[in-house]
Amino acid sequence: MKYDVIVVGAGHSGCEAALSSAKLGCTVLLITSNLETIAKMSCNPAIGGVAKGQIVREIDALGGEMGIITDRSSVQFRMLNRSKGAAMWSPRAQSDRHEYSSIWRQTLEQHPNIHLFQDTVNNIVLNKDDVCGVVTQLGFNFQCQTLILTNGTFLNGLVHIGLNNFSGGRISEHKVTGITEKLVELGFTTDRMKTGTPPRVDGRSLDYSLMEEQKGDDLPSTFSFYKPQPLEKQLSCFITYTNTTVHDILREGFEQSPMFNGNITGIGPRYCPSIEDKINRFAERSRHQIFVEPEGWNTIETYINGFSTSLPIDIQERALREIPGFKTARMFRPGYAIEYDYFHPTQLYHTLETKIINNLFLAGQINGTTGYEEAAAQGLIAGINAALKVKNTEPFILDRSDAYIGVLIDDLVTKGTEEPYRMFTSRAEYRILLRQDNADERLTPLGHKIGLASDERLNNLNKKQQNISSILNILNNTSVEPSVINPLLEQANTSTITEKTKLSKLILRPQLKIDDILNSSIGYNLKEFETTELEESEILLKYEGYIQKEKEVAEKLKNLKHIKIPSDFEYNKVNSLSSEAREKLNLIKPINIGQATQISGVSASDISVLLVYFGR
Amino acid sequence: MRSLTETIVAPATPTGISAIAIVRMSGQNAIEIANACFSKSLTKADGYTLHYGQVKDGETIIDDVMLSVFRAPHSYTGENSIEISSHGSPYIVSRILQTLIKYGARIAEPGEFTLRAFLNKKLDLAQAEAVADMIHSQSEAGLQMAIRQMRGGFSQDISQLRQELIDFAALIELENDFGEEDVEFADRSGLRKLVNELLSRIEQLRSSFVAGNVFKNGINTVIAGKPNAGKSTLLNALIKEERAIVSDIEGTTRDTIEEVLIINGIQFRLIDTAGLRHSADTIEQIGVDRTKASMAKADLLIYLYDAALMTPDDLQQAISELPQTRYRLVVANKADLTSGSIEHISISAKSGNIDSLISELERIAAQFEFGDQTIVNNVRHAEALEKSANALNDVLNGLDSGITSDLVALDIRQALYYLGLISGEVTNEDLLDSIFTRFCIGK
């Protein structure tokens, strides 16, 4: 049989890819080297965080699965950055690693359009410039119309611990060969990246009384907009610190560090450095923070966040034991570094289809990203676009002003990346628009339009929006006497009023929260609304000017995005373009003028020249 | 590349002193913007009509002008357009441009009028390549000009303060993106101090706009020298030699000016100083002091001496006592005699042979390069300075009202963007680099 979509790899990217294609009606074959490691969290047992949490909300709003499964498998939920303003609020959950994996597998198994197969793909089959199938290690040939590669860190993976190195896609798992070689033969360019992970220890061997407890939120929220079910009980994380003794021991191992002796050539992330990297680069710091995170409800295994290392095992163990609370720590698994092949993402369109081979999509770490959330988002977009390609309909592309997912993919395909790419809020120029609270408003209508987000999701959104406008109505039409509100204002540490004032005007003050009003005598008619609806109403009032400003800027750029550039356009024939612009434009092949403006080396006058050619 | 929906403005005639200068504006809001700074209502004006009135910035009248109204699609660009014919002074043109920008227009990119004409099907497809080439060459020239101006030091202070602001921005972003980790926090009072510093620096720049001042006030020129050196004769000879019209532009007559000499469109204001036109024996100490003060304020100091009456040593001594000025010319009158090794130019004021001095003045005038591009770049800088100041004020207001760091960061980004227009570029990647280099982050 010929599948509509074959997905290679069943990590965070592959799972979303397979499920979204299937939901859009495609027949899908999901091939993985090991069916026991579906949606495995290779690194820390957590989903979300600053900027990443927003991505998960967006995946959910579009009709993806990551949010729902995270909610079902969390052991702790926190809304980070509460004090930093609504654009910074970021949901983060500690997950039960096994639960997360197992719910994903159940979800995939329950979809009738998805076939699962355990085998390793090591070649792809082409018909001219179109992909048409894969060949596996066991000798099977599978045919397909579209192919999505989500190989993660497995392509020619090389694991390092001290001076030892051995091939593997994760520790104790086989690497994958053949795919890189085939893609290079087809003309793709590739490079090496590096990432790492800390040791895991036996939780029973730790003394938590010497650490600082970090509990979940008192009123936990959820990732999913769909039937949210907040956690009823939660586990805690713990915070401790390294010290100079720990650093001294780690330094003893530097000579045997693959990071420092040149064994590792791949480029690692600057923002997720190993502990040896931290003490080397920031030698003046006498301590570094360590987060001790539970791996699940039913396991004693514990994750040592902040202690990523590829030093020899004996050094890892000795250093660990000098950390407060770790005196008798027993290691479950050592930390290690891994190098792998990635493909420069500038070789992709915004749909994540490759420019060289038709119907071939790449998603996840293979594109040079890091993080479960970034991988899942790409999987979702690749899955959707593969399905749309099969159906022969318009591609699905999110703008930078629509979603962090739009920023992620636009950065990758337009700017490329040299180090593992992680999302930060500072990468988004429309941060005030891209909030976690309004992901559903931004994206559910889009997800519904292509058939991914259900009617129920859209109905929920409509109801939420009606309620928000009711709340805004109440706030706009309720004026309060000074005698009634002044005590509240004093309590909130903001100046009192002397004449009757509208609530909507008072709420503009940063010091006054909608909660203050809700909990006072004047808040009686707000009590029927959900907390999220009240919060968003408050944000809309407080941020109105800023939201407007960003919308205007986004609108201006969107006009240029409507001017398309044919993919086969020959820039070399345009003498008026600067030579640098010609080179970059040929490489990136922007799909519209808006994208061309984002490319470094393409100047305003080059854009004017392009406008002459494509402007009408 | 900026949006094609915005209203753009630029001078349409070459700059310099001339009888008439034309400023052209095109875009959706062209008529509204003109209406906001014109003495008569234009809202109901038909296309192809001509209006006499004044261009005003608030209550200040800038000039009497003739204003033409074009309504889309019947204009060069195919958009609503306005053409303003004013008196031909660089200062007036630059004031009109600034006023239109204040009311919502922006300076056009090179070739943008033609580009719009093309996009609105006012030019045919065969002209496309020509248009593209023109855009290319014009912007190359513009770039050269901008770089030259930047090197002139206009932006150096801004650049340094901007770097400090980037560091603060990085700290705020650090707080936002890595607040869960063990990172330091941005010191708000330090930020406030820096923003105030930037604001006062921008204020200084706005008021002491180099080229703007030259438009407005001309080059302050003082002729100094001993009483018998022949200053008056030289002055008269210069006035007689004048090769351009003397216009009475508003602003040029505020100070006591003896004469205005215009060379290549640049005004040289020959300033009356005590001793300059009076006979030597009546000079009192107070007059001498005033002369010295005038010399110190001069942009150009012409030191005139009688080659027959001064030994090289005396000359050396006299020159060493002169104040520092932007330009200085040492001029030997009655030139057939030698002056030792001191660099000088020779004239004979009495016989009217002052060509070598005139050509020096032309050389100085040329340095200001009052091409279209200069005016445009200057107005562009003024625009960027004003917007920077607005954004920085937003930062201060935000800090005062206690807004959250996501919004503070947005205001700072705006300010960085406009400061970046003056002195190079800043991208988000710069901010992240700054964070990664300076702080240890990453769990």
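Author: Start with an open sheet of four strands in chain A, ordered β11-β10-β19-β12, with antiparallel pairing. The model is predicted.

Reader: Why are β11 and β12 called edge strands?

Author: Each of them pairs on one side only. β11 covers 164–167 and β12 covers 190–197, both in chain A. A pair needs at least two bridges. From one strand to the next, the twist averages 25°.

Reader: How do you know that strands β10 and β19 of chain A pair?

Author: Count the bridges. There are three between β10 (residues 158–161) and β19 (residues 336–343), in the antiparallel sense. The cut-off is at least two, so they count as a pair. V159(A) stands opposite I338(A) of β19(A). H160(A) has A337(A) as its bridge partner in β19(A).

Reader: What joins β12(A) to β19(A)?

Author: Eight bridges do, and the two strands run antiparallel. Two bridges would be enough for a pair, so this one qualifies. G196(A) has its bridge partner in β19(A) too, and that partner is A337(A).

Reader: What makes β19(A) largely enclosed?

Author: The count of buried residues. Eight of the eight residues in β19(A) are buried, so the rest of the structure largely encloses the strand. Both faces are covered. Y336(A), I338(A), Y340(A) and Y342(A) are buried on one side. A337(A), E339(A), D341(A) and F343(A) are buried on the other.

Reader: Now a single residue. Why is A387(A) counted as buried?

Author: A387(A) has 26 C-beta neighbours inside 10 Å. The threshold is 20 or more, so A387(A) is buried. This residue sits in helix α9 (residues 372–390) of chain A.

Reader: Which residues does A387(A) touch, leaving out those up to four places away in sequence?

Author: V5(A), S20(A), S21(A), L24(A) and C26(A).

Reader: What about helix α1 of chain A: how does its reach compare with what is expected?

Author: α1 has twelve residues, 12–23. Its first and last C-alpha atoms are 17 Å apart, close to the 16 Å expected at 1.5 Å a residue.

Reader: What makes α1(A) "mostly covered"?

Author: Twelve of its twelve residues are buried. Among them are H12(A), E16(A), L19(A), S20(A), S21(A) and K23(A). Just after the helix, G25(A) has a positive phi of about 100°.

Reader: Zoom out. How many helices and strands does chain A have, and what makes chain A as compact as a globular protein of its length?

Author: Chain A has 20 helices and 22 strands. The C-alpha atoms fill a box of roughly 80 × 70 × 50 Å along the principal axes. Buried residues come to 54% of the 616.

Reader: Which domains is chain A divided into?

Author: Domain 1 (200–336), domain 2 (455–547) and domain 3 (562–614). The assignment is automatic or from a database. The centres of domain 1 and domain 2 of chain A are 42 Å apart, taken over C-alpha atoms.

Reader: How many residues of chain B are in contact with chain A?

Author: 42 residues of chain B, with 44 residues of chain A. A contact requires C-beta atoms within 7 Å. On the chain B side, α3 (112–119), α4 (128–154), α5 (156–178), α13 (405–422) and α14 (428–438) each supply at least two residues. α4(B) gives the largest share, seven residues.

Reader: And chain B itself: what share of its residues is buried?

Author: 42% of its 443 residues. Chain B has 14 helices and twelve strands. Of its contacts with a separation of 6 or more, 67% join residues 24 or more positions apart. In chain A that share is 72%.

Technical notes:
Residues are numbered from 1 along each chain as its sequence is written. Chains are lettered from A and ligands numbered from 1 in the order in which they are written. This is a predicted model: local features need pLDDT of at least 70, side-chain atom pairs count only at pLDDT 80 or more; totals for chains, interfaces and linings use all residues. Two residues are in contact if their C-beta atoms, placed from the backbone, lie within 7 Å. Axes are lines fitted to C-alpha atoms, for helices over the stretch in contact, and angles run from 0 to 180 degrees between N-to-C directions. The expected span of a helix is 1.5 Å times one less than its number of residues.
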